[in-house]
Amino acid sequence: MIRVVLTDIEGTTSSISFVHDVLFPYASKHLPEFIRTNHHTTPAVAEQLALVAEKSGVDSKDVEGLIDVLQAWISEDRKEGPLKALQGMVWEQGYHSGELKGDIYPDAADYLQRWHDRGLRLFVYSSGSVKAQKLIFGFSNEGDFTPFFSGYFDTGVGGKKEAQSYRNILAELGVEPATVLFLSDVEAELSAAEEAGLKTVWLVRDGELPDTGRPVARDFAEVDALLRKR
Ligand SMILES: CSCCC(=O)C(=O)COP(=O)(O)O
Ligand SMILES: [Mg+2]
């Protein structure tokens with residue numbers, strides 16, 4: 001019996017276009033000034049820049065060079081931890097100023113609340129940092145959804161296409177694998193979760209439904225119908 005829902009964000013609770021056409025361009029525009037202003041004065045920023053330097057081989061004192069690396073990573077959609085941490089810090093300014101609102105699909109908002117009220121425990125697992133996850137749900141077009149979530153996981157537990165990451169999440173939650181339902185739009189993530197014993201549903205929000213043996217849903221109402229059958 002499913003007791004925990006673990007959900008991806010991009011392509012699952014929120015549109016891919018919101019992440020790629022709103023969040024990433026916002027980070028690209030504001031990151032340079034944010035880093036120039038904060039790299040000396042804010043230890044959390046300096047810490048992430050040191051990791052960017054280590055990963056890229058660019059000198060840690062070459063701030064403009066590090067900004068170039070980060071811009072390239074944004075355009076390549078690299079899921080690098082330090083980039084994700086810095087993006088979260090930049091988005092925080094946008095959410096607080098009102099320039100950004102987290103875009104959550106209405107069906108996702110509806111069923112997250114229903115599942116919470118029905119006693120399911122809800123968690124997020126996204127490549128976006130935990131800070132970024134709390135912001136998208138906390139400052140959403142559908143209101144503050146953070147009260148419905150029991151916790152958040154980012155790539156600190158490992159990459160989303162690795163089975164070990166899901167085992168790490170299970171160990172933190174202290175639950176049996178088959179009691180957890182993982183929702184994602186990326187098949188490789190679903191395969192990794194299944195390898196760790198989790199149940200999955202593939203969210204296919206647009207286009208043709210794939211010919212697959214996996215449980216597939218168009219939206220969270222269809223996920224709910226599958227949940228009730230289990
Ligand atoms: C937390 S919202 C921003 C999501 C993000 O930065 C990203 O790379 C999308 O990753 P996901 O694992 O949610 O597909
Ligand atoms: Mg996704």
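How many nonpolar, polar and charged residues does the shell around ligand 1 have? Five are nonpolar, four are polar and five are charged. Keep in mind on this tour that the model is predicted.

**Stop 1: ligand 1.** Select ligand 1 and show the pocket surface. Ligand 1 sits in the largest pocket. Two elements each give two or more residues to the shell around the ligand: α4, residues 81-97, and α6, residues 130-138. Colour α6 next. The largest share of the shell, three residues, comes from α6.

**Stop 2: the nearest residues.** Now show side chains. The shell holds 14 residues, and those that come nearest to ligand 1 are Lys79, Lys84, Ser126, Ser127 and Lys160.

**Stop 3: polar contacts.** Select Lys79. A polar atom of the Lys79 side chain lies 2.8 Å from an oxygen atom of ligand 1. Move to Ser126. Here an N or O atom of the side chain is 2.8 Å from a ligand oxygen. A polar backbone atom of Ile9 is 3.5 Å from an oxygen of ligand 1. Taken alone, ligand 1 exposes 410 Å², and the protein buries 98% of that.

**Stop 4: the magnesium ion.** Select ligand 2, the magnesium ion. Asp8 (OD), Glu10 (O) and Asp185 (OD) coordinate the ion at 2.1 to 2.2 Å. Along the chain, these donors follow the spacing D-x1-E-x174-D. Trace the chain from Glu10 to Asp185: the pair links distant parts, 175 residues apart. Glu10 is in the loop between β1 (4-7) and α1 (16-38). Asp185 is in the loop between β4 (180-184) and α8 (187-195).

Conventions. Residues numbered from 1 in each chain as written. Chains lettered and ligands numbered in written order. Predicted model: local features only at pLDDT ≥ 70, side-chain atom pairs only at ≥ 80, totals over all residues. Heavy atoms only, no water. Near = heavy atom within 4 Å. Polar contact = N/O pair within 3.5 Å; in protein donor to acceptor, adjacent residues only side chain to side chain. Areas by Shrake-Rupley, 256 points an atom, 1.4 Å probe, with all protein chains shown as cover. 1 Å grid on protein atoms, 1.4 Å probe; cavity = no way out; pocket = protein on both sides within 12 Å on 5 of 7 lines; lining within 4 Å. Sits in = over half its atoms within 2 Å of the grid points. Helix = DSSP H or I, 4+ residues; strand = E, 2+ residues; numbered from the N terminus. Nonpolar A, V, L, I, M, F, W, Y, C, P; charged D, E, K, R; others polar. Donors = N, O, S within 2.8 Å, 3.2 Å for Na, K, Ca; no water.
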